[in-house]
2 protein chains.
Amino acid sequence: MYGVILAGGSGTRFWPVSREQSPKQLQKFVGSGTMIQNTVQRLLPLVPIEKMYVGTHHQQALETLRQLDSFEFSSDHLLAEPCSRNTAVAIGVMAKIIADKDADAVMAVFPADHVVANSENFIKVLQKAKSLALKDFLVTLGIPPTRPETGFGYLKQGTEINSFKESYHVEQFVEKPDISTAKKYLELGAYFWNCGVFVWKAATLLEELQKHAPDIHSQLTTLTGCLQKSSGKLAHLEMNEKGCEIFSSLPSLSIDYAVMEKSSKVALVPANIGWSDVGSWNALDDVCEKDSSGNILTGNVLARDCNNSIVHGQNRLVAILGLNDTVVVDTQDALLVCAKDKSQDVKKIVESLNEKGHSEGKLHATVKKPWGSYTVLDSGPDFLLKRIEVLSGEALSLQSHQHRSEHWTVASGSAKVDRDEETFNLKVNESITIPKNARHRLSNPGSELLILFEIQFGNLLDENDIMRHEDRYGRC
Amino acid sequence: MYGVILAGGSGTRFWPVSREQSPKQLQKFVGSGTMIQNTVQRLLPLVPIEKMYVGTHHQQALETLRQLDSFEFSSDHLLAEPCSRNTAVAIGVMAKIIADKDADAVMAVFPADHVVANSENFIKVLQKAKSLALKDFLVTLGIPPTRPETGFGYLKQGTEINSFKESYHVEQFVEKPDISTAKKYLELGAYFWNCGVFVWKAATLLEELQKHAPDIHSQLTTLTGCLQKSSGKLAHLEMNEKGCEIFSSLPSLSIDYAVMEKSSKVALVPANIGWSDVGSWNALDDVCEKDSSGNILTGNVLARDCNNSIVHGQNRLVAILGLNDTVVVDTQDALLVCAKDKSQDVKKIVESLNEKGHSEGKLHATVKKPWGSYTVLDSGPDFLLKRIEVLSGEALSLQSHQHRSEHWTVASGSAKVDRDEETFNLKVNESITIPKNARHRLSNPGSELLILFEIQFGNLLDENDIMRHEDRYGRC
């Protein structure tokens, strides 16, 4: 079986931990890894790593690949989408890639940011779904509801499918209900949550896509022809210019809307697998272990007289006193304190920040770059201090600045510095100054992480004061 | 009139903003200045700055003087107490200093960390108290209670004093009552809060001290003889070795217990002055302006659906959502989130931190030094990054380190660096390396603040790895 993991999503509801540049699936909330690492781990008994594919936004491609490195995930199985176009187009492209490789392939599709507590049942359910897929069904997993949830779509169970026990036709796809309808569904018992996990033959999906979404299907051959390997060590699949143009011109539809709601081949397999979409901070209550007072405390936390509260901290000391049903999320540059029953509204906080032009809605204090990351540690009217991390073997662009000079000191690892016509090799406790307008490039030739402190000097210290003369990540 | 401001107190109840090294009176909560600045400002109509004296713990002496610099407060009017001995000894020493200078002096005593909303009434009440003091009364201000407070001692009003309107003998000093007694006092109306403001002739106080606390009084002449001027620019009064020994051997008594409760000369002046001792975070409700939802928001705060909450933030973004009656206090290295009605228990958090040996209970991320301050910005296994601020004209000790080398870069201002036999003058964007064991000294010869980044390298990076060869603050 092939696996396709959809790792899009901006994850505003887990702000300030998740931000546009580092959404929920790349964060760790429960279990041993990040959400996408846990997703891959969970599938391994059924899908070997060389049959897994991942689709993600191009901005998250490198970080996603780095997180999957320990699984020996093949970087050219990652499709970097040029823009967000919901699930139908991405699934179509990946079904085409897989079908071209293996005409009879059965593929399963998974969101990257859900939790499945019962992995064993999950594998059994997928195996059942696979046998239905081999009979040309488009199989969707249905989660038996445990509460009158108004945030999900529902699947109404139809008649049992001949010769398949506990597998059903789908009578109806139902949009997110109001609360009284959701309560009715919960009582009636023939309604399931649509959890976004699908199993089908790639060929069947393509046929149904042709029938129900021909505008998307008609471009798939061209689109896969536009795929190329990106440059750099973690070479992945990206669209060439023509591909980007086509991709972004296609309708932004979910696969449910484009195909599942219209196809007569849909089958439903009930899946009692301890599923949670972990849709907001309070959802951690369903998936994390609690202390004897019902608290979930992560980080350096001191709690006194607190109940049913969630703290997600980092290094900083967080002291909580007398709190009930409160969420505290502490990050380097932004803090959220939220009543648990309001945690669905965190996205409104993010909207509000974005409207006001505050970067904290989108970027972390530590900004990821193709070569590593930087963090602003301090600043004054005429100076700015950054911690720069360059990954082993990576290099920043060959660049120059019009308005600032820089002073670099190596704190850990080793650096190669090109400055105009000269090249320097710097070890720990060695420094160099980069004058205004000097062409320079910082690289990490070593096998360890390079940590370097940069002090910028000038009266215009701006990320935009950068002229790139050469760049291995195509950013010139 | 002479003024004596008592600026002791460790202020654990305003943690994490106030810490042992920077207690409540040095912090800004309401009004235009820190609490001690507001206290001085409030007294100026009645007490000229050259007649003001301040007593504080020696650790806070320099910072206190810096905060009073703009008032042109004379640094030798600050008495640095070698240890905490409650109020009786400190008041006794300062009464002796004042009486030696001016035999008929009337002195008033004020805590440094209270709020008085009605300054005009305050001055009137003090003038009335002064006229009583001139008749040899020990006058104490009594605050008409506005709630059944169990956290204060009470004064029971006695008969009116002949020829002084609305001034009374004190029938009884009452210890902190239980809640039902406090409610009774509020109903009865002849009970006042003891707010710790006193007015008397220095000579009268000394006589009464001799009568009621002869063990303290008998040492006052010796103690004032042991006072000497400290070295450095902000030369203040400190005890010599003998003085420290005597001071610390004296009983730790409040002036209430040592004198007021025993003396027959006590008078009470009711003081309707909008007083608050600002004893905990929730007390800000009584003294700060609120927004239309009853919130008090300081710092970079985004609030949504919040009521009656207090946020005390700094630069970091604090987003609050759906909170009621909650206190959020954000500092660089520690965060407090607390139910408002539990804010009296913040001191228990501090106790708990101290028991566990966490420095956050006592020290701020920015550690004050006689010459300025330092802040640890980042660290790794073999490096540590500090921002160092050196005040104009100040200098660190001549020192050396056994286990680390250092790299310094000037970010703002200018530095003079002595390194073994050489001297360097560094401007912005200039650097120097200090090898292990080199004798070195950093000074700020300029008129601006010096900001310098120090990167330490070594496998033992510890504040204790410092050998002082010479120090202008007597720390060798």
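Predicted model: local features only at pLDDT ≥ 70, side-chain atom pairs only at ≥ 80, totals over all residues.
**Entry 1: two helices in chain A**

I started with the spot where helix α3 meets helix α6 in chain A. On the α3(A) side I found A:Gly92, A:Ala95, A:Lys96, A:Ile98 and A:Ala99, and they meet A:Ala202, A:Ala203, A:Leu205, A:Leu206 and A:Leu209 of α6(A). Sorted by class, this contact has eight nonpolar residues, one polar and one charged.

Next I looked up the geometry. Two packed helices are described by the angle between their axes and the distance between the axes. For helix α3 (residues 86-101) and helix α6 (residues 202-212) of chain A, the axes come within 9 Å and cross at roughly 135°. That angle makes α3(A) oblique to α6(A). I had to check the cut-off for that word: over 145 degrees would count as roughly antiparallel, and 65 to 115 as roughly perpendicular. I also noted the hand of the crossing, and α3(A) passes α6(A) in a left-handed one.

**Entry 2: the pair in chain B**

I then went to chain B and looked up helix α3 (residues 86-101) and helix α6 (residues 202-212) there. They pack at an angle of about 135°, and their axes are 9 Å apart. So α3(B) is oblique to α6(B). Is the crossing of α3(B) and α6(B) left-handed or right-handed? I wrote down left-handed.

For the residues, I listed B:Gly92, B:Ala95, B:Lys96, B:Ile98 and B:Ala99 from α3(B), which meet B:Ala202, B:Ala203, B:Leu205, B:Leu206 and B:Leu209 from α6(B). The contact of α3(B) with α6(B) splits into eight nonpolar residues, one polar and one charged.

**Entry 3: how the chains relate**

Chain A can be laid on chain B by a turn of 180° with a shift of 0.0 Å along the axis, and the RMSD is 0.1 Å. Why does that matter for my notes? Because a relation like that is the relation of a two-fold axis. I looked for the C-alpha of chain A nearest that axis, and it belongs to A:Leu377, 3.3 Å away from the axis. The same surface serves both copies, as 100% of the contact residues of chain A recur in chain B.

How many residues does the contact take from each chain? I got 49 residues from chain A and 49 residues from chain B.

Strand β17 (residues 334-339) of chain A and strand β15 (residues 310-321) of chain B run parallel and are joined by five bridges. One place to look is A:Ala334, which stands opposite B:Leu317 in β15(B).

Strands of a sheet pair through backbone hydrogen bonds, either parallel or antiparallel. In chain A I traced an open sheet of six strands with antiparallel pairing, in the order β18-β19-β20-β27-β22-β25. Which strands sit at the edges? They are β18 (366-369) and β25 (431-434) of chain A, each pairing on one side only. From one strand to the next, the twist averages 25°.

Inside that sheet I picked out strand β22 (residues 405-412) and strand β27 (residues 450-457) of chain A, an antiparallel pair with seven bridges. A:Val410 has A:Leu452 in β27(A) as its bridge partner.

In chain B I traced six strands in an open sheet, again written β18-β19-β20-β27-β22-β25, with antiparallel pairing. Its edge strands are β18 (366-369) and β25 (431-434) of chain B. Strand β22 (residues 405-412) of chain B runs antiparallel to β25(B), and four bridges join them. There I found B:Trp408 standing opposite B:Ile432.

Last, I checked the backbone. A:Trp15 and A:Pro16 are joined by a cis peptide bond with omega about 5°. A:Pro16 lies in the loop between β1 (2-7) and α1 (35-43) of chain A. In chain B, the peptide bond from B:Trp15 to B:Pro16 is cis, with omega near 5°.

I also flagged A:Asp325, which has a positive phi of about 50° although it is not a glycine. A:Asp325 is in the loop between β15 (310-321) and β16 (326-330) of chain A.

Conventions. Residues numbered from 1 in each chain as written. Chains lettered and ligands numbered in written order. Least-squares fit on C-alpha atoms with pLDDT ≥ 70 in both. Contact = placed C-beta atoms within 7 Å. Pairing = 2+ DSSP bridges. Axes fitted to C-alpha atoms, helices over the stretch in contact; angles between N-to-C directions. Parallel < 35°, antiparallel > 145°, perpendicular 65-115°, else oblique. Left-handed = near helix turned anticlockwise from the far one by under 90°. Nonpolar A, V, L, I, M, F, W, Y, C, P; charged D, E, K, R; others polar.
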